[in-house]
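Good morning, everyone. Please look at the sequence and the model on the screen.

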Amino acid sequence: MQMPVTPKAMPPSEKVLSFSSQLAHERMITPSEVQSAFPETYFASRERFLQSAEKIHARIFTREIIPRGPDNERLHIDIAHIGAEAPRKLILHLAGVHGVEGFVGSAVQYELLRATPVLAEDTALVLVHCLNPYGMAHLRRVTADNVDLNRNLMPAGEKWRGATSIYNLLSPLLNPSSIGFSWSLYPQLWLKALVHGKENVKDALLHGQYNEPRGLFFGGTQHEEELVILKDYLTKRFSAAERVVGIDVHSGLGEFGKQTLFLEIPARRARFGLLEKTMGITLTPEPDDYHDPRKHPRGALCDELPKFFPKAHVDWFLQEFGTYNPYRVLAALRAENCYAHIGHVASRWEAAQKLKEMFAPADIRWRTAVLRMGTQAVAQAQLALLV
Ligand SMILES: [Zn+2]
C-alpha cells in the first residue's frame with residue numbers, strides 16, 4: 001500500500017486555514033494514536049467530538065432525530081462551527097452520510113479538532129459529525145427508513161418512483177428472503193454481467209431505486225429527517241457565503257487503502273485543471289454522460305446540496321476510500337439488509353459487524369493511510385477557496 005504523496009501545491013496567495021499543530025499527514029503517527037482516532041461506537045465518537053469541539057470553543061449545533069439507538073439511546077446530528085459566524089468562505093466536512101461509513105470521517109474530524117484550526121476572519125470550518133447517526137449506531141449504511149441518504153436529495157417535482165431495468169432483474173438476487181448457501185452472490189452476478197453487460201450491472205448497483213422500500217439502495221419516498229435538518233442548518237446560517245468547498249467522506253469503493261477524490265460539480269469541469277494545480281492532487285471527474293438521467297443517480301447530494309448556498313460558488317468533493325473487493329462488500333450489504341428485514345436480531349448484529357469491517361477495516365495500515373489522506377484533503381481543499 002502506498003502512503004499518500006506529499007502535495008506539490010502552488011503556494012496560496014493568502015492562507016484561510018491552518019492548524020495549531022501538525023496533522024496526521026504532516027507528522028509521524030503511531031499505531032496506538034491511529035487506533036484511538038477510530039471510535040468503537042457512534043456514542044463514543046459523538047462524546048469525544050462534542051468534547052473536542054467544546055475545548056476549542058466551536059459553536060455547537062445539536063439536533064435529536066426521532067429514531068433511537070440499539071439500546072433505545074437518543075441519537076443526534078452534531079455540528080461544530082469554527083471561525084466566522086457569517087463567513088464569506090466556508091469549508092464543510094461531512095461524515096457519516098452512509099451511517100456505518102461514519103467511523104472514517106469521524107476519525108478524520110477527531111484529528112482535525114486535536115490541532116486547533118486557525119482561520120482567516122471571513123472563513124469558517126464546519127464539521128458535521130455524522131449525518132446518519134441511526135446508521136452509524138446500528139452499523140447500517142442506511143437510515144431507520146432503509147434509505148440511502150445519497151439518493152434521497154430528490155429535486156422538487158421529481159417522482160419518487162423508478163429503478164433501472166437491470167435493478168428490477170437483479171432484485172431477487174440482491175434482496176433475497178433468506179441468506180442460503182446454495183448459490184453464492186458472485187457467480188450469479190457474473191452471469192448477469194455476462195448477459196446484460198458489466199456496466200449495466202454496475203449502474204444498477206450505483207443508481208439507487210425507489211420501488212422497493214426494503215431493498216438495497218432505496219432512495220426513499222420523501223426527504224429524510226436528516227437532510228431536512230442539514231438543509232435548515234446550512235441555509236439559515238450560511239446564506240451569505242460566496243465560496244464553499246465541501247468534502248463528503250465515504251468508504252467501501254475502490255482499491256484497499258487508496259482514495260478517489262471526485263469533483264462532483266460537472267458544470268464546473270473547466271475548473272478541473274486549475275483545482276488540480278492549486279491543490280496538487282489528481283481529481284476524478286464525473287463521466288461525460290453525467291447529465292443523462294439513465295446514467296446518473298437521482299437524489300445525490302452533489303446535485304442539490306450546492307443549491308443550499310444561493311450566492312456561492314461551490315466545489316463539492318466526494319472522498320472515497322477503497323476497502324475490499326466490491327463483491328465482498330455487496331455480499332455483506334445484502335446479508336445485513338436481509339437479516340434487518342426478516343428480524344433475525346442476532347444474525348443481523350453479526351452481519352452488521354462484518355459490514356463495519358467492510359467500510360472501516362481494522363487493518364492498521366489502512367487506518368493510518370486514510371487518516372493521513374483525510375486530513376491532507378482538508379489542507380488541500382481549502383486551497384480551492386482561493387481560486
Ligand atoms: Zn458512502
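**Arginine 63 and its surroundings**

Set aside the neighbours within four places in sequence, and arginine 63 is in contact with His76, Ile77 and Ile229. Contact here means that the C-beta atoms of two residues, placed from the backbone, lie within 7 Å.

Before I go on, a word on the source. This is a predicted model: local features need pLDDT of at least 70, side-chain atom pairs count only at pLDDT 80 or more, and totals for chains, interfaces and linings use all residues. Residues are numbered from 1 along each chain, as its sequence is written.

Back to arginine 63. It is found in strand β2, residues 59-65. Helices (H or I, at least four residues) and strands (E, at least two) are DSSP runs, numbered from the N terminus. Leucine 127 is 64 residues from arginine 63 in sequence, and 14 Å from it in space, C-alpha to C-alpha.

Histidine 57 is in the loop between α2 (42-55) and β2. Its phi is near 60 degrees, a positive value in a residue other than glycine. Histidine 57 counts as exposed, because it has 9 C-beta neighbours inside 10 Å. Asparagine 72 is in the loop between β2 and β3 (75-83). Phi of asparagine 72 is near 65 degrees, again positive in a residue other than glycine. Asparagine 72 has 6 C-beta neighbours inside 10 Å, so it counts as exposed.

**The sheet**

Now the sheet. Eight strands form an open sheet, in the order β2-β3-β6-β4-β7-β10-β8-β9, and the pairing is mixed. Two strands pair if DSSP finds at least two bridges between them. The edge strands are β2 and β9 (284-285), and each pairs on one side only.

Start at the β2 end. Seven bridges join β2 to β3, and these two run antiparallel. Threonine 62 has aspartate 78 in β3 as its bridge partner. Helix α2 packs on the sheet and touches β2 and β3; its direction makes about 25 degrees with that of β3. Axes are lines fitted to C-alpha atoms, for helices over the stretch in contact, and angles run from 0 to 180 degrees between N-to-C directions.

Move on to β7, residues 243-251. How many of its residues are buried? Nine of its nine. In a regular strand the side chains alternate between the two faces of the sheet. On one side of β7 sit Arg243, Val245, Ile247, Val249 and Ser251, on the other Val244, Gly246, Asp248 and His250, and all are buried. Strand β4 (residues 89-94) pairs with β7 in the parallel sense, over six bridges. Leucine 92 stands opposite glycine 246 in β7. β7 also pairs in the parallel sense with strand β10 (residues 313-321), over nine bridges. There, histidine 250 stands opposite glutamate 320.

Next, β8. It has a covered face, Gln259, Leu261 and Leu263, and an uncovered one, Thr260 and Phe262. Five bridges join β8 to β10, and they run antiparallel. β8 and β9 pair in the parallel sense over two bridges. Phenylalanine 262 stands opposite leucine 318 in β10, and opposite threonine 284 in β9.

**Two helices, then the whole**

The axes of helix α3 (residues 102-114) and helix α13 (residues 364-381) come within 9 Å and cross at roughly 65 degrees. The contact is made by Val104, Ala107, Val108, Glu111 and Leu112 of α3, and by Val370, Leu371, Gly374, Thr375 and Val378 of α13.

Finally, the whole protein. It has 13 helices and ten strands. Of its 387 residues, 46% count as buried. The C-alpha atoms fill a box of roughly 60 × 45 × 40 Å, taken along the principal axes. Among contacts with a separation of 6 or more, 82% are between residues 24 or more positions apart. That is my tour; questions, please.

Notes:
Buried ≥ 20, exposed ≤ 12 C-beta atoms within 10 Å, placed from the backbone.
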